[in-house]
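I opened this entry to record what I looked up in the structure, going from the contact between the chains to the cores and then to the charged pairs.

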Amino acid sequence: MRSELSQTGKVPDCCRAGLFSSLLPLGLFVLLCLAWPRVVQGHMFTVHWNWVPSLDLALAFRLDGLGLLFGLIITMTGFFVTLYASTYMAGYTQLGRFFVYLHGFMLAMLGIVLSDNLLLLFIFWEATTVLSFLLIGFDHDQAGARENARQALLITGGGGLFLLMGILLLKAAGFPMTFGLLAASGNLVRAHALYPAFFICILVGVMTKSGQVPFHFWLPNAMRAPTPISAFLHAATMVKAGIYLLLRLHPAMAGTPLWTGTLVLIGGGTALWGAIQAIGPCDLKRVLAYTTLMALGVLTLFAGGQTVLSLTAATTFLMVHALYKAALFLAVGSIDHQTGTRDLNRLGGLMKCMPLTALAVTGATLSMAGFPLFFGFIGKEIMYKGALAQEMFPVFATIATLVSNALMTAVAAVILITPFAGPLGGKLSLVCEVPWTMRLGPAVMGVLGVMFGIIPEWVSAHLIEPAVFAIHPDREEIRLVFFHGINLPLLLSILTLSLGALIYGFRSPLRQGLLTVLDRLWFTFPGLYQTGLDRFLTLAGRFTSIIQNGSLHIYLSVIILVMIAAVGSVWLPHLPGIAKTAPLSGPWIAAGLFNFILISTAVVVTARHRILAIGGLGGVGAGVALVFLVFGAPDIALTQLLVETLTLIFVSLILLRLPPLEKAKPPSRSRTLRNAGLASSAGLIIATLLLATLQTPLDRSLTAFFETGSMVAAHGRNIVNVILVDFRSFDTLGEITVVVLAAWAGVNLIRRAKER
Amino acid sequence: MEPLLAISVGVMIAGALYLMLSGMLVRFVFGFVLMGNAVNLLIFTAGRLSDTAPPLIAPGRTLPAEPVANALPQALVLTAIVIGFAMTLFLLVLLYRTYDRTRTLDADQPVFVNEQAGTDDPAGPDPDGPDPKDPA
């Protein structure tokens, strides 16, 4: 429906909410820009409010070079995505909800990159998990979207628990939660006996969030979300949170063989696996999703390194990737929006009808492929330098980078050439260019990709250097330059481009081969996830049907048995002593009441006729009311009598409409005996506990407080009333609420029954 | 005096639990009412009954004339009585509605109990589920 609208050539109405709310990311972007010059000079903005000092949890934020780099990427992409969505999402329902999720997500992401406290970071981290669940499952009327949203939630949420465990372990070991202090005690962290545990717990959190093998599969599946969300999740936010955490914890935890080795191997493996799979799918969005995996793998690989070169490679590629990936996702969304398809086999020749989008994609893909003069070329050069200088597995790092870069080049060619070049398909001839709101983002980011490639020195001085210096102690000069001279990285770059061209040439047989291999795999991580989830649900179903089988008798018996076992086992040895010391005497009126209550209870329990049972209940209630009256509580006695009367009236009213009690089938004899045993044991325990309580001295200080305050502070002479309506008036409000709710529910239940 | 009341509480609790275990929903409600009374009496007794003057302050004074009954448990019991009353009414309506829908008041009937306990399919008859005939 959406594509029909645009194929008629009519510009869809911009969603005003989207345009208006795009001011939020724009404003934040401008704010960050204002702080930018000071950050470049090395200034660090900090804010600190105490929240829970006893937990070392503070609302502490800091803006340094690393946070600024991420913040700029997040707000810029956020602005373009919101603008884009204001048009793209026209026709969807629940747009208000969409923009709230989107901006909530952006703010949570900003919270991650700006918080100066590990626990605070974790809170924002979890917020992104929940919001990404809502965003991925935005088309919640489709089963696939729900399924994939759940997958993302389970995997990233589960990883979040590991992250929390890691943070709590750090805290339990006595390390501060503030990043600055934690970095200062970095040597102690690395030397700590629990260092492997810290590292592995945090690593699992990072791996799930940033889609590292074997937790990668939720990321391509998250493509079910509307395109603006995919662009936002992939290019700038969600998945970069893990990379950010690795970089942020660098001063505190990096530099050990465990850190470097693990990250290089996992990152390299993810990069290769993502890049290989990227040539498989025909869906453009899925292709892009796999290239994101590749990028995340490479970023993890370089976050593992300890040298300035390695970190420079990570931060530079982060920017390269954010620019081209957001532009490409948005452009693919435009193609989908205008043509109604993202299938590579059905697209072609769009250059003529979508020239501006084509231009933006050209810029982005050439940057992605790493052609000279584009920012991607700079990124690739520094990546090879970093890989060659990696402290561990430099050969593996270089080969993984080379192969995945070559594959990226080929994929970039596919994305650029297949939809835009060649003859225009018959059905596609009516396609027209998208409105400005959807062109602006890809165009600006495409232009930035070229600009940054031409002025790399400026970028390195204003963005890369502050970011790397925020996490690396040596203030070694970083210079990104266009031409380094003929050296190994340049040769590797040339090799990449030629390899990429070769792969592009043989893409059909390669794709066939890949699909065959993927088809034959007997073990896959998504399969493992699915089996695990299915088994778990089956187990939960069985468990529930056993413990929640609906039998009132079993529920109650279990509760009573647990009470008897838990209390009785401790209590049993004391029983004889209690019984001996209790004086069983009292005034004649007490004895009379005692007998009256006992007889009434017996009547209720044994009654075979409902009138008799109601009478017995009335007797018990009246007996209890008399006890209140005799022992100094006339107010309660009055309330009790009133309530008891009302209760009996209501019980009688309802029972009149129900079948008589004597018609009910009595339970079997053995069950009756069992019930009697359970009930009397519980009664015995309660009675003796009360007896024991009565033998301990009573602390009346609270009562004394109310007694002294009643007249002086609350000006009331009835102390009980003063407690209820003055000192504890909030409790009384709760009590009234319960009564109102019960009455409301009761009235509705009765009305429903009458309507039938 | 308190020990006698403690025994009363025990007997009332035992009777209430016995009624609630009987499997007959009407008797369950009786047990519930009885239990409410027993618990109120328990709280009241635990506050001691040695002083029997009501906790009131005479005009012109700022403190009660010593000694008076413990005001705190009285306030607690007063709240508990009202809430217990509300819950009893709700339970009664629920009982009425249950009978209206299921035409039985025997808690062991298959309509209440999931007979497929232990099998793969946990979706048994669900007494709490929405009524298919419900208009809402």
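I began with the salt bridge, which I take as a side-chain nitrogen of Lys or Arg within 4 Å of a carboxyl oxygen of Asp or Glu. Between chain B and chain A the count is two salt bridges. I noted that the model is predicted, so that local features need pLDDT of at least 70 and side-chain atom pairs count only at pLDDT 80 or more, while totals for chains, interfaces and linings use all residues. Residues are numbered from 1 along each chain as its sequence is written, chains are lettered from A and ligands numbered from 1 in the order in which they are written, and side-chain values use heavy atoms, with hydrogens and water left out.

**Entry 1: where chain B meets chain A**

I then asked which helices of chain B give two or more residues to the side that touches chain A. They are helix 1 (2–21), helix 2 (25–46) and helix 3 (71–102) of chain B, where helices are DSSP runs of H or I with at least four residues and strands are runs of E with at least two, numbered from the N terminus. Helix 3 of chain B gives the most to that side, with 25 residues. By residue class, the side of chain B that touches chain A divides into 66 nonpolar, 18 polar and 14 charged residues; here Ala, Val, Leu, Ile, Met, Phe, Trp, Tyr, Cys and Pro count as nonpolar, Asp, Glu, Lys and Arg as charged, and the others, Gly among them, as polar.

Taking contact as heavy atoms within 4.5 Å, I found that 98 residues from chain B and 105 residues from chain A take part. The two chains bury about 9,100 Å² between them, 76% of it on carbon and sulfur atoms, buried area being the accessible area (1.4 Å probe) that two parts lose on being put together, summed over both. Leu21(B), Phe30(B) and Tyr96(B) supply 9% of the area that chain B buries against chain A, more than any other three residues.

**Entry 2: chain B by itself**

I read the secondary structure of chain B as three helices and zero strands, in the order α-α-α along the sequence. Buried residues make up 56% of the 136 residues in chain B, with buried meaning under 20% relative accessible area, exposed over 50%, and partly exposed in between (1.4 Å probe, protein chains only).

**Entry 3: the cores**

For a nonpolar core I used a set of buried Ala, Val, Leu, Ile, Met, Phe, Trp, Tyr and Cys residues joined through side-chain atoms within 4.5 Å. The largest such core has 173 residues, of which Phe98(A), Leu170(A), Trp218(A), Leu245(A), Met253(A) and Met319(A) touch the most other members. Its largest share, 19 residues, comes from helix 17 (residues 308–339) of chain A. A second, separate core of 87 residues includes Ile560(A), Ile636(A), Ala637(A) and Tyr96(B). I also listed the partners of Met253(A) beyond its neighbours within four places in sequence, among them Val189(A), Tyr195(A), Phe199(A) and Trp259(A).

**Entry 4: charged pairs within chain A**

Side chains of opposite charge can pair when their charged atoms come close. Over all chains the structure holds 11 salt bridges. In one of them, the side chains of Arg248(A) and Asp64(A) meet at 2.9 Å, N to O. This pair links distant parts of the chain, 184 residues apart, with Arg248(A) in helix 13 (residues 238–248) of chain A and Asp64(A) in the loop between strand 2 (57–63) and helix 4 (65–88) of chain A. Are these two partners buried or exposed? Arg248(A) counts as buried because its relative accessibility is 4%, and Asp64(A) counts as buried because its value is 5%.

I compared this with Arg700(A) and Glu707(A), whose side chains meet in a salt bridge at 3.3 Å, N to O. Arg700(A) is partly exposed at 27% relative accessibility, whereas Glu707(A) is buried, with a relative accessible area of 8%. Arg728(A) forms a salt bridge with Asp731(A), the closest N and O atoms being 3.0 Å apart. Salt bridges that share partners join Arg62(A), Asp64(A), Asp116(A) and Arg248(A) into one network.
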